Amino acid sequence: MSSWIDYTINGIIIGNIYALLAVGLALIFGVSRLINFAHGSVYVVGAYAGFVAVTQLGTPLPLTIVIVVAVGALLGLGIERFGLRPLQGYAHIAPLLATIGLSFVLDQLVQLTFSPDPRALPSELLERRFQVGSGTIGALDILIAAVGIGSAALLYYFLRFTRLGWAIRATAQDRDAAQQMGVDVNAVNRAVFAIASALGAVSGLLVGMYYNYIDPAMSFQATLKGVVAQVVGGVGNVPGAIAGSMLLGIVESYGIALFGTSYRNLFAFILLVLVLVLRPNGLFASRRQTPPEPMTGTFIAPSKPIQISYPVLIGIAVVMALLPLVLPNPYVLQTLTNAWLYGLLGLSLTLIAGTVGLISLGHAALLAIGGYASALLSLDLGMPVGASILLAGVIAAAIGTILVFPSFRLRGHYFSIATLAIGEIVSLVILNWESVTRGPIGVAGIPPLSIFGFELDTDRSIYWFALAVLVILAALQFRLLGSHLGRTLRAMRDDDIAARSYGIGLDRYKALAFSVGSFAAGVSGGITSHLYSYINHETFNSQLSILALTIVILGGMGNVTGAILGSVLLVGLPEVFRVAAEYRVLIYGLVLLLLVRFRPQGLLGTI
Amino acid sequence: MSANTSFLEVRGLTRRFGGLTAVNNVDLDLAEGEFLSIIGPNGAGKTTLFNLMTGHDDPDGGTVTFMGRDITRLSPERLAALGIARTFQHGRVFANLSVMDNVLVGAHVRFKAVRPAWPFPLNLLGPVAEVALALIRPPSVVAEEQRMREEALKILSRFGDRLLPRLDNPTYSLSYANRRRVEIGRALALGPKLLLLDEPTAGMNQTETAEMQALIGDLKKSGLTILLIEHKLDMVMQLSDRVVVMDNGTVIANGKPAEVRNDPAVIEAYLGHRRADRPEASVPEAAQ
């Protein structure tokens, strides 16, 4: 019994921390309709700012909090300046993508400065505990609760009774009308980003002290948790965000009590997907209503695509096929093989995010499904490797489509968030389903690539195999786009309401396109698993999903040739210049940020 | 015109938005081949009525029957398959698609060769078959595509040389009037039994309006059943067999153009005489 009190208290404390994140996200969404994916980075920077203050400067706690608030607020101003303000009038999803790019840059900078190793964030408060009934409560718990409740009260006062607070609420209700009435909307945005980021940074500091542990990888999880809490409470709804955070904290805490820690995030993400699909306005929305505005998720900048004729494309393919004979350099061949495999992923995502306009942020999950399917089929069932890869594509198509099907009704940002959560769910299921996936140990000893019993053991043969698969699937995709399906899918993307009026069943065609796209991703994952011979639940992580998105935006959304070019440039070039791995992620983030801002149509143009 | 069985029959259709009843207990009958216009001041509920009839919105009460079949609450895609085509008040073309592709999407429900109509358990494989047929393209599929393209060209030639020279241009690059023309071309490609036009000449100049009116007149002559929402009364009076007037969500008049034109209730709705009686509508002192 006493342990249940402990779990409840723990849930409320964690809920308070989530609330600090979620309230910030809700404020930002309220005034700018942006789900700020850099929010977790602010949280990490806050934690590290506290770490530096405490360990290097030896500041007392109140001063540490002031420093963290200042750093967070400054960072928030920076995010507003680079992530949001230049993108007014762009597609609604553009600032979201920009903040993803910013978060990559910030996280990587933290990692480069402080190393990826975890640090301890000591706090004298950690040791003190008080007896409450049959359970105990720590001094730090009380501090966290006090900060949570205190900032909620301050925020309430600020929004309710100050001039700037009024301006913020007015802007949230109707941005244009507020502007007409003389509200400086940019100033409001700045204020909101500063407040939200200060809260986020303090949240990072408190978590660091609570667990006496900080590392740069906390960022992504923090963003996700804040987003979950916010969506559960109703996007843009500040009291809802607080309630959602508490609920999430308690659900997680009880989940840990019942099933163990490795299930913790699983509950959070399943909760998110359920709420999105069943109550898209959050649990506390007064009544069923249509989502606040149709935030179309398509990121299609009208452009004249650069036409490359088929003979030229075939010529390039032939040159690439002959390359190993002219340049038998294993390093170059391995790099290009890698680029071809990412090219397959690009084909997949450019169809789904570009041609159909469903911006998937969890695409790596399809690689994971394909990778595990092919590895386990060949290893445990003794299936020949070529057949297992083919079947892996089919399995990825089937599972991927079934998982994402309920989310097809979501539009814009909401679909993207759902895919993000589904991607995390897949990874967590792989981690926890030990009887099949071998859990955290991963799958080792995956048989090498072979086709019709011939083992592909040279760099050259592997290169040819990957290139052949890419060329075949790219040719099929060209043919698909040139058929009635190409125009049907693009029509649906451009205007789903008009498309329905002309007899296009949205679910049917979204599912159809998603399956076709997932097949290519599954095949790519399958081949990769045989090349690596070892995979685990982190082989295909969420960074890969964002890299895939950067690849297809770079090439031009919906553009088959563009996806392959993007892959060669983003995967191949850093390799050629031997850029160290930690700088690569930085580059991906910068490229994404710059593309969204300066060349949303990509290099070859959207189709 | 057959008067006994109604082609389209609307009974007691109602839609409320919070406290506002946008469409209030509306009855409407349309005979096959008839041209009916719905007019009324802004906010009268015309477009909401269209949305209810075309499956874009669910009514709070009432029924819609089309060719003897209850179509209330059917999805827009089902209604398209039944032969109901509509255009949109503010124009909704597929901006990144070419003119030709826009019109071909209009013919979507008529593509049979790519979507085999299989019985129940097999029809679950329909999407797989559709992908396979799109990739393999047997002669039947190629011939169907060719036929539809020729038909689309014929439809587009109705607009003279407005659209023919721009077949491959994406529609975002077209003028506003041309986008409206593409929308009507797309609706015709469906091969509609019933065509609903929502302000087809909104934002057009006089020449363009006259051109559009001639085109709609041709469609009427070809025997197509048409329901039109329009503010330009000259056009309405010249084209319509019958006119229905709406105000505040209800039908206030229904009859031949000449009858409706002189109906006092209509004049009142348009000119707002009733308001003069209300004390709060009297001219404020400060303005005198």
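**The side of chain B that touches chain A**

Guide: In this predicted model, 26 residues of chain A are in contact with 32 residues of chain B (two residues are in contact if their C-beta atoms, placed from the backbone, lie within 7 Å). Three helices of chain B, α2 (76-82), α3 (99-106) and α5 (126-136), each give at least two residues to the side that touches chain A. Helices (H or I, at least four residues) and strands (E, at least two) are DSSP runs, numbered from the N terminus. The largest share of this side, five residues, is supplied by α5(B). Sorted by class, the side of chain B that touches chain A holds 19 nonpolar, six polar and seven charged residues. Here Ala, Val, Leu, Ile, Met, Phe, Trp, Tyr, Cys and Pro count as nonpolar, Asp, Glu, Lys and Arg as charged, and the others, Gly among them, as polar.

Residues are numbered from 1 along each chain as its sequence is written, and chains are lettered from A and ligands numbered from 1 in the order in which they are written. As the model is predicted, local features need pLDDT of at least 70 and side-chain atom pairs count only at pLDDT 80 or more, whereas totals for chains, interfaces and linings use all residues.

Chain B also contains an open sheet of four strands in the order β2-β1-β4-β5, with antiparallel pairing (two strands pair if DSSP finds at least two bridges between them). Its edge strands, β2 (20-30) and β5 (69-70) of chain B, each pair on one side only. Strand β4 (residues 61-66) of chain B is joined to β5(B) by two bridges, and these strands run antiparallel. B:T65 stands opposite B:D70 in β5(B).

In chain A, helix α5 (residues 139-161) and helix α8 (residues 185-211) pack at an angle of about 170°, with their axes 10 Å apart. Axes are lines fitted to C-alpha atoms, for helices over the stretch in contact, and angles run from 0 to 180 degrees between N-to-C directions. From α5(A), A:L140, A:I144, A:V147 and A:S151 meet A:L199, A:V202, A:L206, A:M209 and A:Y210 of α8(A). This contact has eight nonpolar residues, one polar and no charged.
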